[in-house]
Amino acid sequence: MKSFVDKETVAPDGEHPAELPLTVHDLTVSYNQKPVIWDVELNIPEGSLVGIVGPNGAGKSTLIKACLNLIPANSGKIEIYGKSYQENRQLVGYVPQRESVDWDFPVSALDVVAMGTYRQLGWFKRVGKKQKQQAMEALDRVGISHLAKRQISQLSGGQQQRVFLARALAQDAMLYFMDEPFSAVDAATEEAIIVLLKELRSRGRTCLVVHHDLATVSKYFDHLVMLNMRVVAAGPTDEVFTEENLRATYGGKLSVLDAAAEALKNVKHV
Amino acid sequence: MFDLSASDLWDVLSLQKHNTRLVVLSATLLGASCGAMGSFLLLRKRSLMGDALAHATLPGIGMVFLVATLLGLDGKSLPLLLAGASVTGILGMGLVLMIRKTTRLKDDAAMGIVLSVFFGIGVAILGIAQNTGGAAAGLESFIYGKTASMVKADFWLIAIVSVLVCLTARLFLKELMILCFDDAYARSQGWPVLFLDLVLISLVTAVTIVGLQAVGLILIIAFLITPAAAARFWTQNLVKMLIMASLIGAVSGWLGASLSALLPRLPAGAVIVLVGSAIFLVSMFFGSERGVIRRYLKQRRLNKRVGRQHVLRAAFEILEDSTDSDDVANHLVEWSKLQAHRSWSEKKLKTLVRWCKADDAVEDAIEPGHIQLSEKGFAEASRVTRNHRLWELYLIRYADIAPSHVDRDADMVEHVLGVDLVKQLETELSEDLRLPKSPHTIEIEGEGGAQ
Amino acid sequence: MSWSDWDTWIVIVGALCAASCAIPGCFLLLRGMSMMGDAISHAVLPGIAIAYLLTESRASLPMFIGAAIVGVLTAVFTQWVSRFGNVDRGAAMGIVFTTLFAAGLLILTQAADKVDLDAGCVLYGAIESVPMDMVWNDSVPRAALVVGSSFLLNLLFAFLFYKELRVSSFDAELADTLGFSSGLMHYLLMTIVAITTVAAFEVVGSIIVIAMLIVPPATAFLLTRRLSVLLLLRVVIGMLSSALGHWASSSVPAVFGFSQTTSSGMMAGAAGFFFLLAWLFSPQGGVITKRLKRRSQSA
C-alpha cells in the first residue's frame with residue numbers, strides 16, 4: 001500500500017504539465033515567521049472536482065489564498081494553465097469564506113453577483129444590461145434569482161453562500177477556488193452547490209474546494225488533497241482516501257477518526 | 001433675545017443675502033461632497049480617517065510656511081499652504097496603510113499614531129515659526145477655520161474641488177464599491193487594492209483640505225462621518241446611500257450656515273455640526289431601513305411569530321398525548337397543562353395566548369381554565385408541529401448534532417428558513433403524509449437497539 | 001542651552017504623564033479604541049464650559065470634574081450609538097465627539113460676555129509652564145502632583161483589575177460567562193481613561209496625552225506579546241520619549257538656526273521616532289529585520 005509521500009502528485013503522469021489548470025511547486029507559506037504550509041507540490045488535472053481536507057489549522061485556506069496571491073509565499077511557484085497567476089487571473093474564480101465580508105453592506109444580491117463581471121468590464125466602465133443579465137443568469141443557476149433585489153443581510157446563510165457562488169459563475173472562470181462553501185449551509189443549498197460543481201466539471205471547469213465533512217468526501221469529490229501543513233496525500237479519491245492517510249492527516253484525534261471510520265464505511269457501501 | 005423675522009429667514013435660506021450667500025453655498029457644497037466621500041470611509045470602516053487626515057496636515061502647513069519665509073516668499077500663500085497640507089496629509093495616510101500592512105496593529109492604532117505624531121510635529125514646527133517672528137499668526141486658523149470671513153476665492157475653490165471629487169468618485173464607483181465590500185476578493189480579481197485605497201484617500205484629502213481652511217477641523221470630521229452614518233439608516237443600496245448622505249450633508253450645511261448667519265453669536269461650524277447630529281439622531285430612530293424603531297418592530301414581529309408557534313405546538317402536543325389513536329382531534333386544552341408544557345410563567349403565557357387570540361388561532365373555551373384552538377389554529381398547530389419534527393428528524397439523520405440541542409436550533413431555523421426548506425424535507429424524509437413520531441423517542445429506541 | 005531644574009521638572013512631569021497614560025492606553029489598543037484619547041480631548045469642552053459658567057471661576061477643580069463627567073459620557077454615548085444604532089464604533093465615536101465639541105463651542109460663544117474664555121486656552125495646559133506653578137513651598141510643581149496621583153490611581157486600578165481587564169479585553173463574551181461583566185469593565189476603563197486624559201491635559205496639554213495614550217503602547221506591542229511586559233515596556237518608552245522630546249525641542253531647531261520650540265509637540269514626535277525604530281527593527285517582525293532574516297534564510 002502507498003504510504004504518504006510528500007511530493008506525490010494528482011496527475012498520474014505529467015506529460016503536459018504546462019497545460020494543467022493548476023500546478024503548485026515547492027510552496028511554503030508562513031505567518032509571523034511560523035511556517036503554515038510547506039513543500040506543497042500539486043498538479044491538478046483539468047475538469048476535476050478536488051476536495052482539500054485536513055484538520056483545523058492545517059493550512060487549507062492558506063493554501064488557497066497563497067494560490068490566489070492574497071498572502072505572500074516564502075518560496076514556490078504557482079502556475080495557472082501554464083502561466084503565472086498575474087497573467088492568467090481572468091481564468092480564476094474565487095469563493096471566499098462567508099464570514100470574510102460585512103453582510104450589512106448596502107448592496108443587493110444582484111450587485112454582489114455583478115461584481116464577478118467587473119474584471120472583464122475593466123476600469124471605469126459601468127455595469128450595463130449585459131452584465132446584469134449575466135448576473136441574473138448566474139443567480140438563476142444557483143436557484144435564487146427571485147431574491148436578486150434583496151439586500152444581502154436579509155438572505156439566509158445558505159442563500160448568502162449561493163450569492164458568492166453565483167458571483168464566481170458570473171465571472172465564467174476556468175478554475176475555481178472555494179473556501180468552505182459547505183460550511184453552515186442548509187441541506188438544500190449543499191445539494192444545489194454539489195449539482196452546480198458537477199455541472200461545472202462536465203463543462204471542463206476545475207474546482208478546488210476546502211471541505212471539512214469527511215462523511216461526504218467520497219460522494220462529492222473525484223480528487224482529494226489531504227493536507228496537514230504538508231501534503232499528506234493527493235490523488236484520486238478512491239486511491240488516497242484510506243484509513244492510513246486519514247490517520248496521518250488527522251493524527252490520533254479520536255472523534256475525527258470515528259468520523260473517518262464512518263466515512264470509510266460509506267465508501268464500502270458505494 | 002433674537003430678532004428674527006420670517007422674511008429674513010427666507011432671504012438667507014434662499015441665498016438672497018449677499019453677505020451670507022457665499023458661506024451658505026460653500027457649506028452646502030462641502031456637506032454634499034463630504035457626505036459622499038464619508039460614505040465610502042464608513043463602508044471601509046475607516047470613518048476616523050478624516051480625523052487623522054485633518055491633523056496630519058498641520059506639519060505640512062508649518063513646513064511650507066517656514067521654508068517659504070526663509071526663501072523670501074509669502075508664507076501664507078494659499079496654494080502653497082494647500083500643497084503642503086496635501087503632501088503631509090497623504091504621506092500620513094500612506095503611513096497608516098503601511099503600518100496596517102506590515103504590522104499586527106489595527107487600523108485604529110495606525111490612525112492614532114499618525115494623528116498624534118504628525119500633529120505633535122506640526123505643533124512643534126508652528127512653535128518654531130512663531131518664535132521666528134510674528135508673521136506666523138493666523139496659521140492656526142487654517143486648522144480651526146474661518147467660516148465667517150470666507151471670500152469668493154474660497155467658495156470657488158470649494159466648488160471646483162467638490163465637483164471634481166464627486167466626478168472622480170462617480171468614475172471609480174464600481175471599483176470603490178468592490179474595494180469597500182470585499183477587498184480580498186477584489187485583490188483576487190486583480191484590482192490594485194492599494195492604488196484604489198490611495199484614490200479614496202486622495203479624494204478624501206482633497207475635500208478635507210479645502211474644507212479645513214474654510215470651516216475648520218471639527219466640522220470637516222463631522223461632515224465626513226455624520227451624514228454617511230445617518231444615510232445608512234435609510235437605505236440598503238449603495239448609490240442611494242451616497243445620494244442620501246450628500247443630501248444630508250448639504251442640508252445640514254445649508255441650514256446650519258443659514259442659522260448662524262441669522263442669529264447672533266452662533267459659530268457656523270458648531271451649528272452645522274449640531275444640525276447634522278440632530279439629523280443623525282432622527283435617522284437613527286426613524287430610519288426606514290435600519291432605524292431603531294423599525295428594527296425593534298421587526299424583532300417584535302418575529303418574537304410574536306415564534307411565541308405563537310410555541311403555543312400552538314404545545315397545545316397540539318398536549319392533545320396528541322391525550323389520545324392513543326393516530327388521529328388527533330381538536331379538544332379543549334387545559335391551561336395549567338399548557339403552562340407546564342414549556343414552563344411558561346402565567347404572565348408570559350397570557351401574553352402569548354392573547355397574541356394567538358388576536359389572529360383567531362385560539363378561542364376561549366366554554367369550560368374555565370381551558371383554551372380551545374380554532375379550526376384555523378388547529379390546522380396551523382398541526383402543520384407547525386409537523387414541520388418542527390421533520391426538521392428535528394432531519395438534523396438527527398444528517399448531521400451529528402445531539403438531539404438535545406436540536407430542539408432550540410430547530411425552532412430558529414424553522415422561522416428563518418420558511419416554507420421552501422420544509423417542502424424539501426417533506427419529499428426527502430417521508431413518503432406518506434403521516435406525521436413522523438417525535439425524534440427523541442426514535443433516538444432512544446436507536447440507542448437501546450445498539451446496546 | 002544648559003539643563004536646569006526647570007528642564008528636569010518638565011521631563012519628570014512628561015514621564016509621569018507617559019506612565020499614567022500607560023495603563024489605559026494599553027487596554028485601549030487591545031480593544032481597538034485607540035482614537036478614544038483624541039475623541040475625549042475634544043469632547044470635554046462642554047463639561048469645562050458648563051463648570052465655568054456655574055462656578056464663574058477658572059478654578060481647576062470644577063472644570064476637572066466637568067471635563068471628567070463629559071469624558072465618561074463620551075464613552076457612554078459612543079457605546080450607546082454603536083450598540084443601539086448598530087453603527088460602526090469609529091463612526092459612533094466621531095459623531096459623539098464632534099457633537100459634544102460643537103455644543104461646548106456654542107455654550108462658550110453664547111456666554112461670551114460673561115466668560116473670558118476661549119476654546120483653545122481653557123483646557124490645554126502647556127508643559128513648558130509646568131514649573132511656574134509650584135506648590136508645597138515651591139518644592140514641587142502642581143502638575144507633577146496631578147499626573148503623579150493619576151499615575152497612582154491607574155496603578156491601583158491595574159493592580160486590582162488586571163485579570164478582569166485582560167480577559168474582558170481579550171474576549172468580552174468569555175468575561176461575561178466567567179462573571180466579570182465586560183460592560184462594567186468597559187465603563188470602568190472608560191472612566192479611568194477620561195480621568196487620566198483630563199487630568200493630564202489640564203496640566204500638560206492634549207497633544208502629549210493623545211500621543212502617550214497611543215504611540216508607546218503600539219511601539220511596545222511591536223516588541224513583545226506579553227501583556228505584563230507590554231505594560232512595563234510602554235512606561236519606559238513613554239519616559240524616554242518625554243526626555244528625548246524635551247531635549248529635541250531646543251536642540252533640533254538649533255540645527256536649522258531657529259530658536260527652541262514647544263516640548264509637547266516634540267515629545268509626541270519623539271514617541272513617533274521610537275515607534276519608527278520598533279517598526280523597522282523590532283526583533284519580531286520589524287520591516288528591516290524581516291527582510292534581513294529572509295535574506296539569510298534564502299542564502
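pLDDT is the predictor's confidence in each residue, from 0 to 100. This is a predicted model, where local features need pLDDT of at least 70, side-chain atom pairs count only at pLDDT 80 or more, and totals for chains, interfaces and linings use all residues. Residues are numbered from 1 along each chain as its sequence is written, while chains are lettered from A and ligands numbered from 1 in the order in which they are written.

**Exercise 1.** Look up the confidence figures for chain C and for the complex.

*Solution.* Start with chain C: its mean pLDDT is 79, and 83% of its residues reach 70 or more. Then take the complex, which gets an ipTM of 0.88 and a pTM of 0.80 from the predictor.

**Exercise 2.** Work out what chain C brings to its contact with chain B.

*Solution.* First, count residues in contact (C-beta atoms, placed from the backbone, within 7 Å): chain C puts in 53 and chain B 44. Next, find the elements (DSSP runs numbered from the N terminus; helices are H or I, at least four residues, and strands E, at least two). On the chain C side, α2 (36-43), α5 (89-110), α10 (206-223), α11 (227-255) and α12 (263-281) of chain C give two or more residues each. α5(C) gives the most, with 14 residues. Finally, sort by class (nonpolar: Ala, Val, Leu, Ile, Met, Phe, Trp, Tyr, Cys and Pro; charged: Asp, Glu, Lys and Arg; polar: the others, Gly among them). That side of chain C splits into 31 nonpolar, 20 polar and two charged residues.

**Exercise 3.** Do likewise for the side of chain B that touches chain A.

*Solution.* Chain B and chain A each supply 22 residues. α10(B) has the largest share of the chain B side, four residues. By class, that side holds twelve nonpolar, seven polar and three charged residues.

Methods. Two residues are in contact if their C-beta atoms, placed from the backbone, lie within 7 Å.
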